[in-house]
Amino acid sequence: EVQLVESGGGLVQAGGSLRLSCAARGFSFDDYAIGWFRQVPGKDREAISCIRSSGVWTAYTDSVKGRFTISSDNTKNTVYLQMKSLKPEDTAIYYCAAERFGCMNGPGHYYNYEYWGQGTQVTVSS
């Protein structure tokens with residue numbers, strides 16, 4: 001069964017850091033890109049970062065570039081999102097997702113991704 005499981009969310013003060021994890025089961029990272037998304041009420045799910053197999057290619061949306069770092073440990077089939085200098089506007093539910101041969105020219109769009117995790121809440125207080 002294809003499954004993605006996020007973890008690592010929580011409550012943090014502005015300026016703090018969190019590391020999110022996305023553990024993938026049931027498919028090979030060799031065949032899929034992994035994206036990180038976030039969603040707040042009333043808005044579409046926003047792509048913020050993605051990574052291709054072996055970390056050859058990574059991409060970020062402008063609002064997180066320089067603050068967030070995506071990485072992968074392919075031996076563990078796990079992708080990480082290291083978030084630093086967090087801002088209240090980063091508050092959202094964060095999801096990871098898998099798209100076959102994705103992450104070609106940027107973080108992409110939610111409607112292109114096939115498999116999704118359950119989400120993990122990140123709350124940044126001011």
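Trainee: Among contacts between residues at least 6 apart in sequence, what share joins residues at least 24 apart?
Mentor: In the protein chain, 61% of those contacts do. Contact means heavy atoms within 4.5 Å. Keep in mind that this is a predicted model: local features need pLDDT of at least 70, side-chain atom pairs count only at pLDDT 80 or more, and totals for chains, interfaces and linings use all residues. Residues are numbered from 1 along each chain as its sequence is written, and side-chain values use heavy atoms, leaving out hydrogens and water.

Trainee: OK. How many helices and strands?
Mentor: The protein chain has zero helices and eleven strands. Both are DSSP runs, numbered from the N terminus: helices are H or I with at least four residues, strands are E with at least two.

Trainee: How much of the chain is buried?
Mentor: 43% of the 126 residues. Buried means under 20% relative accessible area, exposed over 50%, partly exposed in between, with a 1.4 Å probe and protein chains only.

Trainee: Switching to S21. Where is it found?
Mentor: S21 sits in strand 3, residues 18-25.

Trainee: Buried or exposed?
Mentor: S21 is buried, at a relative accessible area of 15%.

Trainee: And which residues is S21 in contact with?
Mentor: Skipping neighbours within four places in sequence, S21 touches V5, E6, S7, W36, T78, V79 and Y80.

Trainee: Last one. What box do the C-alpha atoms fill?
Mentor: Roughly 40 × 25 × 25 Å, along the principal axes.
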